[in-house]
Amino acid sequence: MRLNPAVFALSLGLLTAAAPALAQDQPTGETPAQRAARRAAMPPPVLEEDQALKAAIASPSRSAADTARDSQRHPYETLTFWGLNPGQTIVEIEPGRAGWWRNILQPYAAATGGTYVAVDKPTESMGVADGSADLIVVARAFHNWSRDGRVEPYLAAFFKALKPGGILAVEQHRSVDGLNVATTAPTGYVPESYVIRAAQAAGFVLDARSEINANPKDNHDHPFGVWTLPPIRQSAARDGTGALTPAQRAELDAIGESDRMTLRFRKPG
């Protein structure tokens, strides 16, 4: 069962497990006072945490390097916001060799009767039947796609793969809004409005946005782009020039990971 955004704002990380049936809330022949009294006597909704997700995040199979990043990537809160639920068909786009999200999503899907699929070339195959995916996860990729024309065809592939009501989940390094994506993308950042417009043009509806992964310390302007920050921590140009001093390196490390948008889009239907 999905978490209502209003409930999420009040009780981050909790899922509604049970609620009074609508049919029971609308009997005939009641006076307003009787209806108010009956509603007041109803038990409150039962809220419970997703223990399978907590177990996947806390699993000893995850590396120490992965778990060290949890405080800045907020996996439980982010996945709950996106609407992750047991038994879903989850597609992750370009999980990469490190597979930070994959190392949580794949065991979670296996433990809850769901399916996890990793896809590197969406226009060739989404790895699932059309209209069958519940959740498509895109993390830190739009800056690459925007530079070689992949945004539009990739979003079209996502839309086709998702079932009606399915979710496109996006985490992306965020530049100051209003800037030209052609200027910001080479540094690893893109404007939030750019991602939103592109997804809407593909047919998606912006369901919600969150500041879970915002970082006000990040001014988006670093010697080697977003890769200057942890976890990459690039400290010199590829030819060895422009090396950072220890003081500069410490100052940049103190920023932490990038300022990121966290968006939830829904396929209508």
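Is strand E6 (residues 162-173) largely enclosed by the rest of the structure or exposed, and how many of its 12 residues are buried? In this predicted model, local features need pLDDT of at least 70 and side-chain atom pairs pLDDT 80 or more, while totals for chains, interfaces and linings use all residues. Residues are numbered from 1 along each chain as its sequence is written, and side-chain values use heavy atoms, without hydrogens and water.

**View 1. Strand E6 and its burial.** Because 10 of its 12 residues are buried, strand E6 is largely enclosed by the rest of the structure. Buried means under 20% relative accessible area with a 1.4 Å probe, protein chains only. Strands are DSSP runs of at least two residues (E) and helices of at least four (H or I), numbered from the N terminus.

**View 2. Partners of strand E6.** Strand E5 (residues 133-139) runs parallel to E6 and is joined to it by 6 bridges; pairing requires at least two DSSP bridges. Isoleucine 136 has leucine 168 of E6 as its bridge partner. With strand E8 (residues 260-266), E6 pairs in the antiparallel sense over 7 bridges, and glutamate 171 stands opposite threonine 262 in E8.

**View 3. Glycine 165.** Glycine 165 lies in strand E6 and counts as buried, at 14% relative accessibility. Phenylalanine 265 is 100 residues away from glycine 165 in sequence, yet their C-alpha atoms are 9.4 Å apart in space.

Definitions and conventions: Buried < 20%, exposed > 50% of the residue type's maximum accessible area, 1.4 Å probe, protein only.
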